[in-house]
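Here are my notes on the two-chain model you sent over. Have the structure open while you go through the points.

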Amino acid sequence: MNQASRDFEQLIVKWLTPALAVLCVVAIFVACLLGSTPLPLDRVFAAFFAVLIDGGDVGDQLVVWSIRLPRALAAFLVGAALGLSGAALQGLLRNPLAEPGVLGVSATASLAATFSLYYGLVSISPWVMPVAAILGALAATALLAVAAIRRLSVVTLILIGVGLSSFSGAVMSLLMNLAPNPFSLSDMVSWMLGSVANRSFNEIILALPFLVIGSAVLLATGRGLSALTLGEEAASGVGLDLTRQRIATVLGAGLATGASVALAGVIGFVGIVAPHLVRPFVKHDPARSLVPSALLAGLILVIADIGVRLIPTDNELKLGVVASLIGAPVFVWIAMQRRSLHD
Amino acid sequence: MTDMVVKNLTVKAKAATLVDDASFRLAPKEFVAVLGPNGAGKTSLLRASLGLELISSGSALLGGDETWGLSPAVRARRIAYLPQIRPLAWPNTVRDVIALGRFAHGAALGRLVGPDAEAVDRAIAACDLSQLQHRAVDTLSGGELARMHCARAFAAEAPLLIADEPIAALDPRHQFRILDLIADFVKKGGGALVVLHDVNLAARYATRLIWMNKGQIIADGPPSETLTAERLSEVYGVRATVDGTKVEMDRPV
């Protein structure tokens, strides 16, 4: 490789994150423009800054601040949490196919949430369901953290994740099987499919602390993921505290994923696709892939959610369904591309 | 006081004794080769000495401190450890992988500055990798990979080095090349403990040989004293003739 192309590569590495950040802001703004009620640019601006300067239409403010902006923000936060968790878990497990689902965190979180729906606990308070999802995620991460403290191998962690996923799936099927009435069944199904429709700032605020703490833990321990490129033995050889790294990554990904499930239900594959796209631009370094992966995954979900809203269907498509329709084939493609060398 | 001092080290896994009452010392300016058949406990001895494997009894001191009590980063700054080479998870650049040798010094990839960048440059120069430093690791040959891992260990600039079979699966020219690099490291004041399977090369490069069999260290001394036909027959179960540091081996009678 010559100097010129190396310089170009450096330039990409340097500008990738700022460029993605700008695109995210633009996408969220565009999401506020588009929808069933057409709002022209000047009215959206007026509604946006109504807090600062008097003016603008009250109806417009309602559409922007209570419907479109929280929905777009929720899509972004869910995507960012899943992209960050996916990138971190891929670094920890040294496998590009890892994602929050692999460790069973999404499944356990959604099981706990389904429970709260099943027993009608949501009627006590609308916050019961998000809290249940986060507790479910924490239960899964606690189990995984115990496994990590006992220095079980990464393969064992994945197998525990597979077990958690299967068990959660089975219990969930059982609950749907025994659903007392078609309404609670459709409630559960619609939530399991994953969506950010009708999200308010209340739900975002409840999920946000977990999301922020989880993300902070993942970002603070990112450097260790670079060392894990060498394999666990050599990584501890260069000075990585393996046990601490495993606990931090599992806990951080658990918190962030639990918060995302609380906000939007199960949305798969974005945690695999975004890091995969980012990796070649950051020289395949897991640490440097974290922030761009989060931003790109957030961007993908904001755009996908705009698509979901604009596609004219009788029932609005669920974001999780669209994400899987696009993500699952990409997942298979990545798996087919993998060379046995890395296993 | 940078020496590694291992005393009466025993490692047990359930009923099996992997390392049995082993004692040795590794000091700067020494090139120590560990010899012994597969399953003799060489890797367990190294890992337990480094504090990576649980010790049943005995002690392993590094610069006066028990290794199991040292934080991984402090230990890594006192001794570089090169385990048996495993494939890398991602196709990173050669320079980035070598920079991971500075992990214990707080270096982050892509933001390599000051002493970290200088140490990486020195290691790249020492291992003759300047032409390859911007290549992706999945484009390297086995010999080039081995050199890169050596550079990674040297980049740590720790006074001691432990390498587990660094020349396994290399062609003869690359075997010499890697051992020359380690010999250079020793000449500059480092101390190296290297697991080898080639008795001829061990006798040629090492200042001391540690012979292991069935978990025990059965001999520890310069090749001139410890390399004998009887020992080769005892340890490897082969017929051998020894002429100075030249060894001829044949299947057992």
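1. A definition to start: the radius of gyration here is taken over C-alpha atoms, and the globule rule is 2.2 Å times the number of residues to the power 0.38. For the 343 residues of chain A, a compact globule would have a radius of gyration near 20 Å, and chain A has 21 Å, which agrees. Its C-alpha atoms fill a box of roughly 60 × 60 × 35 Å along the principal axes.

2. Some housekeeping. This is a predicted model, so local features need pLDDT of at least 70 and side-chain atom pairs count only at pLDDT 80 or more, while totals for chains, interfaces and linings use all residues. Residues are numbered from 1 along each chain as its sequence is written, and chains are lettered from A and ligands numbered from 1 in the order in which they are written.

3. Chain A has 14 helices and 0 strands, where helices (H or I, at least four residues) and strands (E, at least two) are DSSP runs, numbered from the N terminus. Of its 343 residues, 51% count as buried; a residue is buried if 20 or more other C-beta atoms, placed from the backbone, lie within 10 Å of its own. Take the contacts in chain A between residues at least 6 apart in sequence: 78% of them join residues at least 24 apart. Two residues are in contact if their C-beta atoms, placed from the backbone, lie within 7 Å.

4. Now for a helix pair in chain A. Helix α2 (residues 41–48) of chain A packs on helix α3 (residues 58–93) of chain A at an angle of about 75°, with the axes 9 Å apart. Axes are lines fitted to C-alpha atoms, for helices over the stretch in contact, and angles run from 0 to 180 degrees between N-to-C directions. α2(A) and α3(A) are therefore roughly perpendicular (65 to 115 degrees). On the α2(A) side you'll find R43(A), V44(A), A46(A), A47(A) and F48(A), which meet D60(A), Q61(A), V64(A) and W65(A) of α3(A).

5. Compare helix α4 (residues 105–118) of chain A with helix α7 (residues 182–192) of chain A: they pack at about 155°, axes 10 Å apart. That makes α4(A) roughly antiparallel (over 145 degrees) to α7(A). S110(A), A113(A), T114(A), L117(A) and Y118(A) of α4(A) make the contact with S184(A), D187(A), M188(A), W191(A) and M192(A) of α7(A). By class this contact has 6 nonpolar, 3 polar and 1 charged residues; Ala, Val, Leu, Ile, Met, Phe, Trp, Tyr, Cys and Pro count as nonpolar, Asp, Glu, Lys and Arg as charged, and the others, Gly among them, as polar.

6. On to chain B, which has 9 helices and 12 strands. Its radius of gyration is 18 Å, close to the 18 Å that the globule rule gives for 253 residues, so chain B is as compact as a globular protein of that length. The C-alpha trace of chain B spans about 55 × 40 × 30 Å along its principal axes, and 45% of its 253 residues count as buried.

7. Which helices of chain A each supply at least two residues of the side that touches chain B? The contact as a whole involves 25 residues of chain A and 26 residues of chain B. The helices in question are α1 (3–33), α9 (222–227), α10 (232–237) and α13 (286–310) of chain A. The largest share, 4 residues, comes from α10(A). By class, the side of chain A that touches chain B has 9 nonpolar, 8 polar and 8 charged residues.

Definitions and conventions: Parallel < 35°, antiparallel > 145°, perpendicular 65-115°, else oblique. Buried ≥ 20, exposed ≤ 12 C-beta atoms within 10 Å, placed from the backbone.
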